[in-house]
Structures are given as C-alpha cells and as structure tokens.
Amino acid sequence: MSSSHQHETDVLIREQGYDDHFHEHHHGDKFQSNFITHYIFSQDHKIIARQFLITGIFWAIIGAGMSIIFRLQLGFPDDSLAWLKPLLGKWITINDAGVGALNPEFYYALVTMHGTIIVFFVLTAGLSGTFANLLIPFQVGARDMASPFLNMLSYWFFFLASLVMFISLFLSTGPFAGGWTAYPPLSALPEASSGSGAGMTLWLVSLTFFVVSVLLGGINYVTTVLNLRTKGMSLWRMPLTVWALLVTAILGILSFPVLVSGFFLLMFDRGMGTSFYLSEIFVNGHALENVGGSPILYQHLFWFLGHPEVYIIILPAMGLTSEVLSVHARKPIFGYKAMVYSILAIGFLSFIVWAHHMFMSGVNPFISNFFVVFTLIIAVPSAVKVFNWISTLYKGNIRFTSAMLFAIGFVSMFISGGLTGIFLGNSAIDIQLHDTYFVVAHFHIVMGIAAFFGMFAGVYHWFPRMYGRFMNETMGRIHFWMTMVGAYAIFWPMHYMGMAGVPRRYYRFDTFDAFSHFAGLNQFITIAAIIVFAAQLLFVFNFFYSIWYGRKMTTQNPWGANTLEWTAPIEPIHGNWPGNLPTVHRWAYDYSKEGADKDFIQQHLPLTDKEKAEAEHH
Amino acid sequence: MSTLISSGTIEQKSRKGFYAPLFALWAGMGSIVMMFGSLTSAYIVRQGAGNWLEFRMPDIFFYSTVVMLVSSVTLHGSYWAFRNNREMLYKLLLPLTLVLGIIFVIMQYQGWNALYAIGVALDGNPGGSFFYVISGIHAAHVIGGIFALTVALLHAFMLPYKPTEKRRRRFQLVLHYWHFVDFLWLYLFLFLLIQ
Ligand code: HEM
Ligand SMILES: [Cu+2]
C-alpha cells in the first residue's frame, strides 16, 4: 500500500470524521511523564494490553515448564531426576543408589499449578486481557476504555494475584496440590495434605484477587462496547472480535461471582469451623466434628463458573480466528449474522450445562438427562461456526502467513476436540471415560491448544499494531508446524489410553498390570511434549527479538484489513486518533467486493454511488 | 517506541448521552446479584438434602429491615431536594441516611448475637451457618454503600451547593447503589423468612 493511500485515510478522517471535542487532559508537559506513569502505572489501553500479554507469556513459560517436569515423571518413571535438584530442592529425594525421585506430593502440586496457571492466568487474563484491551477501543472507534483508571486497576489486581500465586510456589509445605478445581475435602481441610494448608490459603487469596481483576476488566469492556462506539458503528457493523470479547466479558461478570460465593463458603469451612462442604470425615484416624455438609455443593458452585469459564477462554480465540481468517483469505466472513447468533447462543447455553462435569459425582440420573440434552445442543452453534470458517476459506485467495496458519490450526483443533466432547456429553459413555486420559485429551485439544492457537494467530496478526514491527515469518512458520504436529502427537494417543481406562492425575502407571503396556506410549508423549515446548521457546525468542529488531511497519494497514485499528497512526498516540474519530459507513468484511478497485474497503470509507443505489434497491 | 503516549487521563462522552459510569455500576450490580443468587440457590440445594436446623428468626431482623427501607426513602428525598433547590432538606436527609445505614449494620450485628444466644452458631448446622454468611456478606456490601454515602456527604458539606448536572450524576450513582443494597436485603430477608 502506498503512502498516498495513508494520506487519503488521514484526510478522510479529518474531513468526515466524528468530532467528539476531544482534547487531552495533560498533567504537565508530555515529556515530563516519566517511565513509571508511562509504562508501569499506565492508563492507556494499548500499554495495558502489552502488560497483560507479557505477564501471560511469563506464566505460560512457567506453566508449560511444570508440565515438562511431570511428563518426565510419567514417561520415564525409573530414570533419575537428580539433575533437577538445583531447581526443585527438597522435592527431589535422592536414594542411596543416587537415583533422584520426584516427591509424589509435589507431583500433584505441579499438576494443580499447571492447570490453575494455564486456565486462569494465561488463557483468561493473558488472552482476554490482551485482546480486549488492544482491540475493543480501537475497533469500535473509541479514545480508550470507559474507565481507564479501573482498567489499570484490573491489570494490577491480576499482578497481585500472580504475585501471591508465585510466592505459594516457594512455600516449604508446597503450593496447593488438590487439582485445579480445588474440590473439598482436600481444599477445605488444612490438615488434609501438605499443600492444603498455607498453599491452599494463598491459592484462594490469589484467585480472589484474580476475580476482582476479571470483574473490573469485564465491566469496563462491556461498558465501552455498548456506550462508546463511534458514529456509524452500529452493533451489526462490529467485527466478530468485538462481539466475541463482549460476550466473553458478560459471561465473566455473571459467572465469576458464583465462584467467589463458593470460595467464601470454602474459606468459612477452612477458618471458621463451618460445615458447608464437610461431613463425617476421618483424618489420620481421627473423626472430625463436621457433619451435614456436602462436597457436591462446591462442585455445583465451581462448575457453574467452570463451564462458562471454558467459553470465556475459547470465545476470544474464536473472534480472533474469524477476523484473521477473513483478512487473510481476502473474503467476507461467511454467515456473519449466524456467527453472531452462535456466539450469543453459546454464551447462553454455557450457563445450563455445568453438571456434565458431575455425571459421576452421584447427582440424580434424571437431572443428568437434562444436562445431557443441553450439552449436546451446544454442539449445534459450535458446528455452525466451524461450517462458516470452512466456507470462508473455500475458494479464498489465501495468504499463508503465520497468523493464518494458526487460525486454520485453530479450526482443526476445535473440530477434533469438539467431537470428543460429544462422547463425554453422554452420561452413559461418561461412566467409562470420566476422570481418564480421554477427558485430558478432550479439553487440552479443544481448549488448551485451540485457545493457544487463536492467541498465536492474534499475536502474529496484531503484533505490528502493538509494536510497530513485524514478527519474523520464518520462525513463525517453524513454530506453527512444530506445534501443530507436536500437539496432535501429544494428545491424540491419550484418547486411546482414556478409552482403556487409564485414570488422570496418577503418579506412575508402570506398577499397574492393566496400564503398564502404555509405557512406550507415555515415553513418546513426553518426548513430543519436550519438542513442542522447545518450539514455544522459539516463539518467545521471536516475540522479544521482533520488539526491537523486527521489520519495521511502514504503512498503516499492512494486511489490507478493514477494521478501524488500521486507520490510526503507526506511532500510537494517546486517544488513538489525532483529530476526529473515524466515522463508520459499512461492516467490517467488505473483502473482494465486486466492482471495487481494491480487494478490501475499509469501514470508514463512504458508500459509493453504486452501493447507495443498491442499498436503496433492497 | 510510542513516545507519544502520555500519562494524561482521558474523559470520553458516550455519543448517545448515556452516562457510562451508571451503566458500569449496573453491570457491577448484576454481578452482585449472581453472587447472592448462587448463595441462596446453594441454600435451597443444601436444605433439600435434609438434616437442616429450623429456627425462628430473631425479631431484631424485622426492625433492621424497616430501618433499611426507611433509609432508602430518606436518600431518595435527599436526592429530590438536591434537584429542586431545597438545600436544607438535602443536607438534612443525607446525613440521616448515613446514620440509618450505620444503625442497620449495628442491628445486624445484634441480630447475630441474638442468634447465638438461642443456640444457632456459625459453626453449627449449615441451616444456621448459611444465615450468618448470607447476612454477613450482605452487610459487607452495605458497608461499601456507607463509604459511598460518606463521599456524598463530603461533597454536600465541603462544596458550595450547586445542583449541576455533573454533581447530580455522581449523587445518582450513590442513590442507585443504596436502593440496590436495600432491595437486595429485602429479598434476602423474605427468602430467609419463608425458607
Ligand atoms: C461440543 C462441545 C463440548 C461438549 C459436548 C463437551 C463436553 C464435556 C464433558 C461432558 C466433559 C466432562 C467429562 C468428564 O469429566 O467426565 C467435559 C470436560 C471438559 N471440557 Fe468439554 N465439551 C465441549 C466443548 C468444550 C470446549 C469448547 C471447551 C473449552 C474451550 C471444553 C473444555 C472442557 C474442560 C476444561 C473439561 C474438563 C475439566 C476437568 O475436569 O478438569 N469443552 N467436556
Ligand atoms: Cu463443561
């Protein structure tokens, strides 16, 4: 794209844009704003987005690193882990023969922390936090979030949550070890296991701060989308990214408080002697006084959040994928309205399926039936979306950039993982599959890998918007192919293990006759995991390298995309647009439109006479 | 890198004249509704499982409910007075509301003592524990409202009386939140009464 085009854009916004009487409230001269207010306690949505992203990357490395350690244990249970002693200290015990073994209690702690970190810190905060902040104000044509101050607080509560969780990793009794879902009684009785004491206390404190962060962020996102859209940006002209992030925020506002209720009752059980979740329990041969509680109650409260939470993770990835697919296939997204209605339907249904996580917890089988039906219905809007993504690709003029590869990979992963969900959603089949590696395979493919792919697509695509430079494409493609092949190599075999009944969360399998023949498969999975982990380090390298040394962005709209963030100056400014805000005249998907001189028409371009005539005709 | 991003704050106006902070407050209240909705659902589920302590609610909770309802009326009166240039009435009813709010929290505390006196303990049967927890978490939200009222009070007595649109908006935020915790309590009270 030529710089004359850029000039046209600027003139158009100046002359026909929307004048919101914007003037910056400078507190002193801009050169006085120091490093602290600039990069640390910043209230600018673009900086906050980067803070969420980089904190998310930090946690992703830790969370994935933990999985490598416990995979080593599963793949090579007899090999010495003594070399990890400098890192893990007393959690590696070395016997007389010099063979180092991972402490089983710490193995559980690693599995628990891996899940907590990836689900909440990486795929919730790192994903929504980054892209809601970056894209909502840009794509709806706003100067910033409705409340930049609360937005800043949202990040700092996340930081606080991170800090507390990080400290818990170094406790002498170890971090919490009862699984990411923190079911009582392990989570409710400080004496139940070594991680249930201080580790669990810090876990609860951390996640409570985390919920505050999600609520502050979510309220801001919803308010911004519904109140601060620029002139002409009707709801039906919003890009699918914004739709997805909007519904994600609504789900968060409605479901996280329920988790907090569950946590409150848990805190009372832990500290005040109540018996909400506890009844007739023996610890070390002593009967506890608690009677009358029900651990199932916690499961209801947890999964009432927990299931919407999985959609809180996947919806933003779906939105990013839709946008990237359309831009790089140079085609309008297929079935835009159907996509929006599917997002809304998924959001609604996600609140009435939670008990499919509890088929085997002893809930009434008649109640299970209700949840089976709604669980299977949720596959319908999911399938609509898949159909539309594939149709968008069909006969597209596809540019296989790294972003596009990851978006296509997302679709593949979502299909594979969604199909296994349908098996699990049948309560009768779940009798065999519950708590086995089949479930592990299901949710890692559909949520873990797919959401990561959506996130990678987003990072490669919007990196120029964030840092003014491009990421390296060669490294990006290597990253993609290693991750795509490697992720299937890790998780595909787990389905077979699960069908054979191999339970999740066990410390080793070689001691069970029924499962010992999977030893080779377990080794294979571990090796694949190490290779995939290495590929992620390549991504991290590429990311930081490109911030400083990547190819510079020289035009405002390098991908030829229609959305408004690509009309703002390359060098980001406070308030996003220098003078007027762009006015919107069309939806976000006018790609390869017949009769147009370019294969894209940006949202702020007025309708041509021909288009006007057509619009009147309909 | 992006040297132009300054540390100034941004104030934007909603194009449709909608007041964004009020919208945000309502979203936040929606979130609080979900929290209490889940606590009362948990109550019902647990109660349905049997082994449930039945007891008569101490009378003081009836009186505290009346205090809470009256405080909503006084605050509304104060808001009305603020808009209609009745400065005296405005400055009278606002502190009165604050006092009523504080009295409400004290009465709730006495109510818990009364419960304990009749043998319903926090760490006893969940039938009692739920009562303490639900009313306790509600009281925490009222205390948040008391802080908001205090800010409104400072505005009333530290700033010259001027019923500008900006100040009305701010007052409105406090008003809506206070009505919200009021009606929330009414719901919880009736729920706990008939269960
Ligand atoms: C077609 C749609 C889907 C269906 C029918 C479905 C069904 C199920 C069922 C029945 C389970 C419980 C299995 C058990 O514990 O025995 C489950 C587990 C799970 N699903 Fe799905 N699922 C679907 C899509 C998704 C999506 C899109 C995500 C996330 C983005 C997801 C994330 C999870 C997670 C995280 C778990 C396991 C949680 C745990 O126990 O640790 N699922 N799924
Ligand atoms: Cu679920």
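User: How many cavities of 30 Å³ or more are there by the rule used?

Analyst: This is a predicted model, in which local features need pLDDT of at least 70, side-chain atom pairs count only at pLDDT 80 or more, and totals for chains, interfaces and linings use all residues. Side-chain values use heavy atoms, with hydrogens and water left out; residues are numbered from 1 along each chain as its sequence is written, and chains are lettered from A and ligands numbered from 1 in the order in which they are written. A cavity is a set of points, on a 1 Å grid over the protein atoms alone, where a 1.4 Å probe fits but cannot get out. By this rule the cavities of 30 Å³ or more number five.

User: Which helix gives the largest share of the lining of the largest cavity?

Analyst: The largest cavity holds about 1000 Å³, a volume being the space filled by probe spheres set on the grid points, which are joined across faces, edges and corners. Its lining (residues with an atom within 4 Å of a point) has 48 residues, with Ser67(A), His114(A), Ile118(A), His444(A) and Phe491(A) nearest the centre. Helices (DSSP runs of H or I, at least four residues, numbered from the N terminus) that give two or more residues include H3 (45-75) and H15 (437-467) of chain A. The largest share, twelve residues, is from H15(A).

User: Which residue is the only protein donor of the iron atom of ligand 1?

Analyst: Donors are N, O and S atoms within 2.8 Å of the metal (3.2 Å for Na, K and Ca), and sites may look incomplete because water is not among the atoms. The iron atom of ligand 1 lies 4.6 Å from the copper ion (ligand 2). Its only protein donor is NE2, at 2.1 Å, of a histidine in helix H15 of chain A: His442(A).

User: How are H1(B) and H5(B) oriented to each other?

Analyst: The axes, lines fitted to C-alpha atoms over the stretch in contact, have angles from 0 to 180 degrees between N-to-C directions. Those of H1 (residues 20-48) and H5 (residues 165-194) of chain B come within 11 Å and cross at roughly 10°. Angles under 35 degrees count as roughly parallel, so H1(B) and H5(B) are roughly parallel.

How values were computed. Angles under 35 degrees count as roughly parallel, over 145 as roughly antiparallel, 65 to 115 as roughly perpendicular and the rest as oblique. On a 1 Å grid over the protein atoms alone, a cavity is a set of points where a 1.4 Å probe fits but cannot get out, and a pocket is an open set with protein on both sides within 12 Å along at least five of seven lines; lining residues have an atom within 4 Å of a point.
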